[in-house]
Amino acid sequence: MRVQDIMTRQVIGIEPEETVEVAARQLAQYNIGVLPVTRQGKLCGMVTDRDLVIRCMAINRAPGNTLVKDVMTKQVVSVQPEMDASVAAHLMGRQQIRRLPVTENGRLCGMLSLGDLACREESVMDAADALTDITANLSQR
């Protein structure tokens, strides 16, 4: 099974020049925890609800005046749609991430989440292994 067979194709994203306030509203409106950041369709970062809190709110930056590009994660791990889903799951575990943007020629074409993997019988064990790897270091904190 390939990533493209199970990824979410309808992805809500945001531009890097939008404000943190707009990002927060989108996260709330769609009940999601991450937004891929794109410039002209090309993936340039990811912004999570945690990024908004740690890199904006916790240091008293004004969400209406702070840009997404100033709080986003710029180093993004992504996968190709043709990648084997089990390889993507192992990558999630190694990198300790729950969601992977899917890109083709640098352009965002989908998102793969642990939930996508867990919903398919043939990849449920890969999802479980990835979650185990992701949470393995929580007890060491």
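Reply: In the hairpin of strand 1 and strand 2, where two residues lie between the strands, Gln 40 takes a positive phi near 55 degrees. The model is a predicted one, in which local features need pLDDT of at least 70 and side-chain atom pairs count only at pLDDT 80 or more, whereas totals for chains, interfaces and linings use all residues. Residues are numbered from 1 along each chain as its sequence is written, and side-chain values use heavy atoms, with hydrogens and water left out.

Strand 1 (residues 34-39) and strand 2 (residues 42-48) run antiparallel and are joined by six bridges; two strands pair if DSSP finds at least two bridges between them, and the elements are DSSP runs numbered from the N terminus, helices being H or I of at least four residues and strands E of at least two. Arg 39 has Lys 42 of strand 2 as its bridge partner.

With 72% relative accessibility, Asn 60 counts as exposed, where exposed means over 50% relative accessible area, buried under 20% and partly exposed in between, for a 1.4 Å probe and protein chains only. Asn 105, likewise not a glycine, has a positive phi of about 55 degrees and is found in the loop between strand 3 (99-104) and strand 4 (107-113); its relative accessibility is 68%, so Asn 105 counts as exposed.
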